[in-house]
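Student: Please take me through the salt bridges in this model. I would like a close look at how the partners are placed.

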Amino acid sequence: MIRSTADPGRRRVFERGDVIGAGALITCMVVSVVAADGAALKAVVAVLGLVAELGMVLSGRALPTPLTWFGVALTIGTGFAIMALVPNGLGEVPVLAAAAVLPMCIPAGPVRSACVALLAVGFGVAVMVIFGSVAGLLSAVGVWLLADRSIEHAALQAERDRALALLAEVEASRAARQEAAALEERRRIAHEMHDVLAHSLAGLSMQLQAIRAIARRDGAPATLTEPLDRAAELARDGVHEARAAVSALRSVPLRGVADINGLTRVFPGEVRLCVGGRAGRLTPEAGHAVYRAVQEAMTNAARYATGSAIDVDLAWEGLELRAVVRDHGLPAGRGPSGVRGSGTGLRAMAERIEAVGGSLTAGPSPEGPGWRIALRVPVVGSDGAAADTASEDVAAACGAVAGGNDAPGTNTGGMTADGKADA
């Protein structure tokens with residue numbers, strides 16, 4: 001059940017877009033340095049270029065924060081400074097890059113519109129003054145359009161994240177409805193078997209016993225009573241088997257740890273599954289509790305850390321099974337989907353795990369940004385103690401299911417305050 005790819009699940013420090021943007025900005029700064037006159041001016045422009053790059057790095061981490069606003073302002077200021085010092089350079093590029101980020105730092109409303117308009121007019125005036133042409137004012141339109149395009153993209157991304165979170169909720173609800181429908185059908189069949197087959201077999205058994213008693217009373221030969229005895233015994237066995245089948249149909253079918261693989265495959269997002277250790281044996285109730293806990297944790301991550309990859313780690317550690325579900329927090333510039341749960345998910349999850357002798361902890365991930373839910377349940381053997389079975393060794397490995405969800409509040413822990421109670 002191990003799937004292995006290059007691990008796109010974990011959010012990296014530098015993603016491809018980050019590298020491309022940083023490379024383009026550095027290239028523009030190199031061009032500006034080359035265009036500068038004199039070693040002193042080249043050094044000043046180089047420093048300004050590094051400061052502009054630093055500002056973009058700060059503006060791209062987590063939005064919106066005071067550090068983000070400072071980064072945007074730093075990039076805009078250094079861009080204007082390079083434009084003034086080296087008219088033949090590419091100081092316009094940092095300003096345009098910051099213009100794409102600026103709308104994300106300010107809530108929608110008159111203030112954001114005013115800030116974008118001020119930046120656009122300032123850029124147009126700067127271009128007009130530097131190049132001595134009134135036509136330079138038209139560049140203000142470009143800045144406005146760039147900022148407006150950034151706003152539209154963010155709104156589209158937020159709607160997509162909400163759709164992905166809702167899809168995760170729908171998938172969980174659909175699975176629950178399917179199980180409920182299957183259980184209802186099993187109960188209907190069990191009722192039919194009980195009313196028809198079991199009753200018919202019981203009546204047949206009673207009739208055969210009555211015929212056998214009459215035959216013996218009338219002194220019937222063994223050639224007649226022996227077949228009646230065998231028929232009565234078969235009827236009694238049939239009654240017992242029918243009752244056992246009815247009982248099995250009425251019992252609730254339970255999911256197990258093996259079903260987690262399929263759960264991660266159909267999840268509408270990016271999930272990385274790791275399994276390690278020699279597989280042990282869990283009670284049906286414990287396996288079902290682990291399955292439900294992992295399902296709820298993944299759904300919760302889709303609500304509050306939409307766009308983040310989800311890591312699901314299952315480790316068989318001799319006396320127990322350890323399961324960890326972790327997201328990596330909201331990606332830069334993104335917010336929660338807005339889809340909220342009932343607020344009782346974490347408590348219900350913990351109660352379910354504790355009912356099978358396990359334990360559950362939840363909180364910010366110690367490995368970095370994100371939210372982490374860890375649980376442990378005991379492995380049982382034939383003697384009632386923890387033990388391993390003869391299952392094959394499953395080497396620790398990692399896999400990913402890409403259904404990529406890229407995904408507003410800020411929460412580096414991957415959940416809002418309500419989300420922690422809802423986990």
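**Salt bridges**

Tutor: Arg272, Asp311 and Asp313 are joined in a salt-bridge network. The model is predicted. Asp311 bridges to Arg272, and their closest N and O atoms lie 3.5 Å apart. This pair connects distant parts of the chain. Asp311 sits in strand β2 (residues 310-316), while Arg272 belongs to strand β1 (residues 271-280). The two residues are 39 apart. Both are under cover: Asp311 is buried, and Arg272 is buried too.

Now look beyond the network. The structure has six salt bridges. One of them joins the side chains of Arg303 and Glu296, at 3.8 Å from N to O. Arg303 has 6% relative accessibility, so it counts as buried, the cut-off being under 20%. Glu296 has a relative accessible area of 24%, so it is partly exposed.

Another bridge pairs Arg372 with Glu367. Their closest N and O atoms are 3.8 Å apart. Arg372 is buried because its relative accessible area is 17%, which falls under the 20% cut-off. Glu367 reaches 51%, and is exposed because that is over 50%.

Asp311 and Arg272 are both buried. Arg303 is buried, whereas Glu296 is partly exposed. Arg372 is buried, whereas Glu367 is exposed.

Note on methods: Residues are numbered from 1 along each chain as its sequence is written. This is a predicted model: local features need pLDDT of at least 70, side-chain atom pairs count only at pLDDT 80 or more; totals for chains, interfaces and linings use all residues. Side-chain values use heavy atoms; hydrogens and water are left out. A salt bridge is a side-chain nitrogen of Lys or Arg within 4 Å of a carboxyl oxygen of Asp or Glu. Helices (H or I, at least four residues) and strands (E, at least two) are DSSP runs, numbered from the N terminus. Buried means under 20% relative accessible area, exposed over 50%, partly exposed in between (1.4 Å probe, protein chains only).
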